[in-house]
Amino acid sequence: MANPTVAIVGRPNVGKSTIFNRIAGERISIVEDTPGVTRDRIYAHSEWLGHPFNLIDTGGIDLGDEPFLEEIRSQAEIAIDEADVIVFIVSVKEGVSDADEAVAKILYTAKKPVILAVNKVDNPELRQEIYDFYSLGLGDPYPISGSHGLGTGDLLDAVIAEFPDNEEVVDDPAIRFSLIGRPNVGKSSMVNAILGENRVIVSDIAGTTRDAIDSRFQVDDDEFVMVDTAGIRKKGKVYENTEKYSVIRALKAIDNSDVVLVVLNAEEGIREQDKRVAGYAHEAGRGIIIVVNKWDTLKKDNHTLKDFENTIRSEFAYLSYAPIVFVSAKTKQRLEQLPALIKRVNTNHSRRVQSSALNDVVMDAIAINPTPSENGKRLRVYYATQVSTEPPTFVIFVNDPDLMHFSYARFLENQIRAAFDFEGTPVHLIERRRK
Ligand code: GDP
Ligand code: GDP
């Protein structure tokens, strides 16, 4: 089930990014060096007392040359749109400012819980001064000091107490997928076309309140949930077309999906932002399908499709496992193929293979292509086992992990892929020294 989202809002300089980093802590990690991915420190996974959540620093969403008040207004609206719980930060140093009052006014309209945190309360004496902030009309202010790390525990206790109650959720067999891509590639058009073509069903599963923003439909005997579609359909906000906002949308959708459709625009070709968006899905270990939309706009000959495919393969080299489909939301060309493909990728993403079959493949691989050696020491592979799924993750026990070169690991992965169907899913190999 989807993790709740917590958004931090407040005017500039109150300490939002300090607190974001404090809460996200070391959990922000650079997982993998995927080309095109720059780490934006405005979205992170975190956890408090066993409650995982996503954290957004709306202050990091730069809306270009918007006037100051417009910008914080938009940031507050993003928080209202995206978050389950909003943390509104003010500063004891400057007291209640006009900008704070403006933000508070917008937050009144939110039907979401708002927790008021007064930052820069660096010592106990300053605690006397937090009472002024009752005037914001948002309940008890929580004193904190982002730079000293004081009070964040009590703040997070208050935050998790507001999380939607998910205890009742029954196991949902539906396949969850999302469409991600930069603005204008045709995501909303595809969402509407897919829903138009399939039998949409109203969920009666208890506890799936957040499904309100998702769409559920059925194809034959399979249920699918298209994640996060309400947000896609809602258009015309000032921030809709900013890159950081679309990145946050994408990251959130990826988190809540089994399979991600990375949508490209045939008319405009591949852009830097496409690679970043795809990189996030790859890093998150989700099943991936590359969907080239607006296929109707191209004048085609016998080479058009193959050429486009080659370009994708070279621009997205790390996604060599992802199938590619060429569609048109406008003419509906090949859209009917998507559900079956999503199902197949989902099956592969959760595939578990038998240890004996896996070890046969690994040992055969070593027989064809002997392990490398370095300084007279040869890599020895003892045993392989699948430790998890989604994505399939294998531990390979060896004599010395340093002897496993990238190219040899890639070779083993390719042999595993040749033996079992892992189309559409990343596969993780972990080398471990045998004790
Ligand atoms: P943002 O613009 O709201 O993201 O604010 P920043 O996190 O960039 O912080 C603005 C300034 O306030 C920086 O100089 C921080 O070092 C400082 N700051 C942040 N938290 C605290 C705090 O708890 N106490 C004090 N004294 N300064 C802080
Ligand atoms: P989003 O920002 O990714 O959600 O993109 P939209 O769905 O809003 O589409 C952006 C524009 O591209 C709109 O004007 C659509 O009508 C148009 N569009 C979407 N899909 C197609 C397609 O398959 N073919 C053509 N010709 N235009 C499309």
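First, some housekeeping. Residues are numbered from 1 along each chain as its sequence is written, while chains are lettered from A and ligands numbered from 1 in the order in which they are written. Because the model is predicted, local features need pLDDT of at least 70 and side-chain atom pairs count only at pLDDT 80 or more, whereas totals for chains, interfaces and linings use all residues.

pLDDT is the predictor's confidence in each residue, from 0 to 100. The protein averages 88 on that scale, and 91% of the residues score at least 70. For the model overall, ipTM is 0.83 and pTM is 0.83.

(Two residues are in contact if their C-beta atoms, placed from the backbone, lie within 7 Å.) Where pLDDT is low, the predicted coordinates should not be read in detail.

**Around the ligands**

Here a residue counts as near a ligand if its C-beta atom, placed from the backbone, lies within 6 Å of it. Ligand 1 is surrounded by 16 residues, and the closest are Gly15, Lys16, Ser17, Thr18 and Gly146. Helix 1 (residues 16–24) gives the most to this shell, with three residues. Helices (H or I, at least four residues) and strands (E, at least two) are DSSP runs, numbered from the N terminus. Sorted by class, the shell of ligand 1 has two nonpolar, 11 polar and three charged residues. For these classes, Ala, Val, Leu, Ile, Met, Phe, Trp, Tyr, Cys and Pro count as nonpolar, Asp, Glu, Lys and Arg as charged, and the others, Gly among them, as polar.

Ligand 2 has 16 residues around it too, and Gly186, Lys187, Ser188, Ser189 and Lys330 come nearest. Helix 5 (residues 187–197) supplies the largest share of that shell, three residues.

**Helix pairs**

Axes are lines fitted to C-alpha atoms, for helices over the stretch in contact, and angles run from 0 to 180 degrees between N-to-C directions.

| Pair | Crossing angle | Axes |
|---|---|---|
| Helix 2 (68–82) and helix 3 (98–108) | about 35 degrees | 10 Å apart |
| Helix 7 (243–255) and helix 8 (272–283) | roughly 25 degrees | within 9 Å |
| Helix 11 (355–368) and helix 12 (406–419) | about 130 degrees | 10 Å apart |

Angles under 35 degrees count as roughly parallel, over 145 as roughly antiparallel, 65 to 115 as roughly perpendicular and the rest as oblique. That makes helix 11 oblique to helix 12. The two meet through Val361, Val362 and Ala365 of helix 11 and Phe411, Leu412, Gln415, Ile416 and Ala419 of helix 12. Seven of these contact residues are nonpolar, one is polar and none is charged.

Helix 7 and helix 8 are therefore roughly parallel to each other. Their contact uses Glu243, Ala250, Leu251 and Ile254 from helix 7, plus Gln273, Val277, Tyr280 and Ala281 from helix 8. By class, that gives six nonpolar, one polar and one charged.

Back to the pair of helix 2 and helix 3. Leu69, Ile72, Arg73, Ala76 and Glu77 of helix 2 touch Ala99, Ala102, Val103, Ile106 and Leu107 of helix 3. This contact has eight nonpolar, no polar and two charged residues.

Most residues other than glycine have a negative phi, and most peptide bonds are trans. Yet a cis peptide bond joins glutamate 390 and proline 391, with omega about 0 degrees. Proline 391 sits in the loop between strand 16 (381–388) and strand 17 (393–398). Lysine 294, a residue other than glycine, has a positive phi near 65 degrees. Look for lysine 294 in the loop between strand 12 (287–293) and helix 9 (304–315).
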